[in-house]
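Here's a quick briefing to read alongside the model. Keep the picture open while you go through the points.

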Amino acid sequence: MKREHTRSLTDYAPLVYPGLMLIIFFVVPFSTMIAVSFFQRDPAGFYKTAFVFDNYARFLSLFFGQVLGFSLLLSVLVALCCVTIAFPFTYLLVRQSRAIQTVWLVALLSVLSLSEVIIGFSWSTLLSRTAGISNLLVWLGLIDQPVALLPSFGAVLTGMVYQALPYSILVLYPALVRLDPTLVEAARTLGASPGRAFFNVVVPALRNTLVATIIMVFVFALGSYLLPQILGRPQHWTLSVLITDQAIYQSNMPFAAAMAVFLVLISLALVGLTLLVGRRESAA
Amino acid sequence: MNTKISRRTVLAGAVVGAGALAMPSVLRAQDKSLKVGVYGGYFKKSFDEHIFPDFTKATGIAVESVAEPTGEAWLVQLEQAARAGQAPADVSMMAQVPMLKGQSTELWAPIDETRIKHFGDLLPQFVSKYQDGRIAGIGAVAWYITLVTNTDVYPQAPESWEALWDAANKDKLGLLALVSNSFLLEVTAKTFFGGTNALDTEEGQLKAFEKLAEVKPNVRLWYRDEAQFEQALKSGEIPMGQYYHDVTGLAASEGHPVRSTFPKEGGIQDSGCWAVSRASKKMDEALVFIDYMSQPSIQGLMSRKVGTAPTLKREVLDLTPEEFAAVSTEIEPIIPRYDLHATKADWLNQKWTEMIVG
């Protein structure tokens with residue numbers, strides 16, 4: 001098929017609306033944030049228009065480096081957990097009847113309607129000593145007395161995976177529905193076990209979708225600031241928690257903006273690197 | 001043909017007539033209104049229930065109460081709105097550090113003290129002034145942050161803030177997460193270093209940080225959101241911590257197994273001012289409101305119904321000794337170093353965050 005070259009301005013018309021939205025909802029706010037990140041902090045009040053690097057200089061320390069490192073690690077872990085759970089689940093789901101699929105998808109969509117606050121408080125109750133699931137284990141005779149399962153890293157991870165899982169499934173679902181079933185049938189005919197067919201045929205065939213899902217969950221998890229506070233100890237607070245502290249409680253907008261810009265740049269770099277590595281591999 | 005006017009017609013006419021007469025006063029009531037920012041939760045609920053309806057009855061000014069987030073979130077919102085000429089609330093209840101920070105950007109419209117009848121009866125700490133003497137805010141309420149415990153877990157009330165450092169309380173405490181609202185540096189200074197003056201120098205501040213770091217293993221929750229700790233305290237999940245005396249008192253009166261104790265070193269006395277945004281066009285109504293709120297009878301009513309410590313001199317109040325004791329104490333309070341929190345905020349915040357996160 002030969003691709004037509006664009007000839008006139010009107011050919012670009014369909015791009016105007018998305019372009020405009022991108023400018024209003026991304027370029028303008030993000031540019032504002034970059035501008036504020038160079039403003040001068042006024043400790044007794046808010047900020048003055050200026051061009052200083054103080055805010056970035058304050059961020060470049062071992063302390064914030066560690067917090068940033070933890071945030072990235074946590075987000076990667078959340079993304080990997082989500083895909084590990086969501087991919088086999090969705091693979092099995094698309095093999096069910098239409099009615100069963102609908103019920104599952106409606107249930108998953110209803111989870112999306114829950115706010116981060118509700119998810120956080122629900123999990124903090126579920127994992128508590130006084131009312132949590134450990135009481136159930138005591139009743140079953142598995143442990144002697146109820147224990148508090150939070151605050152802990154596990155609780156933070158659980159809450160964040162719970163929150164991001166429906167998104168992962170909804171991203172994977174269309175790709176898995178479209179997957180040609182004859183691929184697996186062919187593998188099975190050639191003697192592959194179901195597990196082997198899944199890992200050697202289905203997973204590679206959907207590699208790009210998987211990478212896209214991981215990136216989406218990673219970015220999503222990076223912005224989480226409530227769950228680490230509710231379910232974790234201070235050492236589990238992400239950079240987003242500290243950004244919120246600066247912006248809301250310290251009214252230090254320039255420093256908050258500098259941290260946010262840094263976080264965006266680092267995550268963009270990581271996403272870019274992932275895509276670059278992916279392209280190299282598929283070219284090889 | 002029946003020409004008699006029926007009883008029903010007369011009644012209907014009377015209703016229409018009364019409606020026509022009533023209309024102008026309804027419009028007037030809508031004309032005079034005031035948006036008042038009050039801390040969300042217990043405060044807003046109590047004010048809406050016990051204070052604002054009587055105010056509207058007495059003055060004809062309708063109050064629309066706005067739930068404020070605590071801390072500086074509201075200050076940021078007010079300031080940003082004021083830059084755009086908007087006032088999300090005409091009068092706001094503001095804590096002392098945001099009061100000082102708001103002064104530096106001239107956020108607060110100066111208040112004419114001659115319009116406040118009981119101005120002379122206010123305790124000195126409840127008049128917030130600009131450097132040049134203009135009045136930025138008038139004391140609204142005072143409250144105590146005290147040592148709170150779950151009575152099921154601790155049958156015996158603790159006596160001193162030292163309980164926070166007690167190794168027996170490992171993983172049992174809920175403390176406020178910010179240096180600027182927990183005032184734990186002041187508590188440490190008063191408990192171990194003889195008073196908050198120990199924080200005058202950077203050396204003294206570092207010493208307090210070092211001592212405070214010893215509390216870390218005992219802390220289960222560093223909370224920003226009050227609901228988070230309150231729930232855990234009531235259930236006994238986190239049985240000890242620092243919390244608001246008045247809110248704890250209200251929870252106890254509702255039957256929850258919680259108590260608030262004034263430690264022998266004193267409770268932390270924090271307070272809020274009424275301040276008027278410079279973007280507000282309702283200074284007149286605002287002054288009527290502040291004057292009304294500063295009357296001894298209303299301060300007494302608030303102590304009884306809301307549980308706040310009054311802002312006026314003890315002798316002008318109509319509180320019985322028992323009623324006074326329920327909201328305040330003879331024990332000398334720990335007064336936060338607002339000056340430090342306003343001027344050294346960034347340094348204190350950095351050290352604090354490194355201490356609890358690191």
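**A first look**

Over residues 68-274 of chain A, the chain is 77% helix and 0% strand, with its end C-alpha atoms 19 Å apart. Helices here are DSSP runs of H or I with at least four residues, strands are runs of E with at least two, and both are numbered from the N terminus. Keep in mind that this is a predicted model: local features need pLDDT of at least 70, side-chain atom pairs count only at pLDDT 80 or more, and totals for chains, interfaces and linings use all residues. As for labels, residues are numbered from 1 along each chain as its sequence is written, while chains are lettered from A and ligands numbered from 1 in the order in which they are written.

**Chain A in the record**

- UniProt, in an unreviewed entry, lists residues 68-274 of chain A as "domain: ABC transmembrane type-1".
- UniProt positions use the numbering used here, feature names are shortened, and annotations may be inferred rather than shown by experiment.

**Chain B overall**

- Chain B has 14 helices and 10 strands.
- Its C-alpha trace spans about 95 × 50 × 40 Å along the principal axes.
- Out of 358 residues in chain B, 47% count as buried (20 or more other C-beta atoms within 10 Å of a residue's own, with C-beta atoms placed from the backbone; 12 or fewer is exposed, and in between is partly exposed).

**The two domains of chain B**

- Domain 1 of chain B covers 33-142 + 270-327, and domain 2 covers 145-268 + 334-357; such bounds come from an automatic or database domain assignment.
- Taken over C-alpha atoms, the centres of domain 1 and domain 2 of chain B are 26 Å apart.
- In chain B, 13 residues of domain 1 are in contact with 13 residues of domain 2 (contact means C-beta atoms, placed from the backbone, within 7 Å).
- On the domain 1 side, helix 4 (96-104) and helix 12 (321-327) of chain B each give two or more residues.
- Helix 4 of chain B gives the most to that side, with 4 residues.

**Where chain B meets chain A**

- This contact takes 29 residues from chain B and 23 residues from chain A.
- Elements giving two or more residues to chain B's side include helix 3 (73-83), helix 4 and strand 7 (219-223) of chain B.
- Helix 14 of chain B gives the largest share of that side, 7 residues.

Methods:
Contact = placed C-beta atoms within 7 Å.
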